[in-house]
Amino acid sequence: MFSYKKEWQLIDDNIGYINLKTISKEDIKKAFDEFSDTNGIIIDLRNYPKNISGNDIAKYTYPERKEFIKVLSPLGNSPSLASFGKPSISVIIDPFKSGSKNSKYYNKKIILLVDQTTQSKAEYIGMAIQASPICITVGENTAGSVMNITIFKLPDGTEFRFTALGGFYPDGTGVQRKGLKIDHYVKETTSNFIHDQYILKGIELIESKNLVE
């Protein structure tokens, strides 16, 4: 029987399901080992992952290391200006790239499920998953708050919280205030509720011969 509470499981013997809410890095490895011969994997990101990063998925779904996000950062000596620069740590490891050279990567369909609860770190992880060669995103608009929160405190103690960095796809498409790119919109309401339309659409897309309908 299918349960959304399980961290990973098989659906109908040929489709994998991974819930990112509480899954560990160790269980992700077990899941991808188990799903190696499936027709596709549904990755549920309608939550806020606690134990993983985008690279924990990308290492199994990328054939090689690649950029998945561009970040617009303010210039320190010119607050009104910004650039697509790299952090100093990038000389060691670039945080805006993910995956690694992997000839045995999972090359079947990846269906990414997102909704309005997908926000901040979850959107960052989502962008890393979307850069997989065959990823189809299903759901509704995400929060559009992919980057960090900066706190500015006034003398009277009042705090202003705002996003200080801009998140963009490698092609320049913005994510801030827009949310992740969606390939197939699904919206559950009281008038069209079918449990669970997201999962059903994911199964339909995996079983379809077309990559994106």
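Modeller: Contact here means heavy atoms within 4.5 Å. This is a predicted model, where local features need pLDDT of at least 70 and side-chain atom pairs count only at pLDDT 80 or more, while totals for chains, interfaces and linings use all residues. Residues are numbered from 1 along each chain as its sequence is written, and side-chain values use heavy atoms, with hydrogens and water left out.

Colleague: Which residues does Thr 118 touch, not counting residues up to four places away in sequence?

Modeller: Thr 118 sits in the loop between E8 and helix H3 (121–130); helices (H or I, at least four residues) and strands (E, at least two) are DSSP runs, numbered from the N terminus. With that exclusion, Thr 118 touches Leu 45, Arg 46, Asn 47, Glu 123, Thr 142, Ala 143 and Leu 180.

Colleague: Is Thr 118 buried or exposed?

Modeller: Buried means under 20% relative accessible area, exposed over 50%, and partly exposed in between (1.4 Å probe, protein chains only). The relative accessible area of Thr 118 is 0%, so Thr 118 is buried.

Colleague: Which are the edge strands of the open sheet?

Modeller: Two strands pair if DSSP finds at least two bridges between them. Six strands form the sheet in the order E1-E2-E3-E8-E9-E13, with mixed pairing. Those that pair on one side only are E1 and E13.

Colleague: What angle does the direction of H4 make with that of E8?

Modeller: Axes are lines fitted to C-alpha atoms, for helices over the stretch in contact, and angles run from 0 to 180 degrees between N-to-C directions. H4 packs on the sheet, and its direction makes with that of E8 an angle of about 160°.
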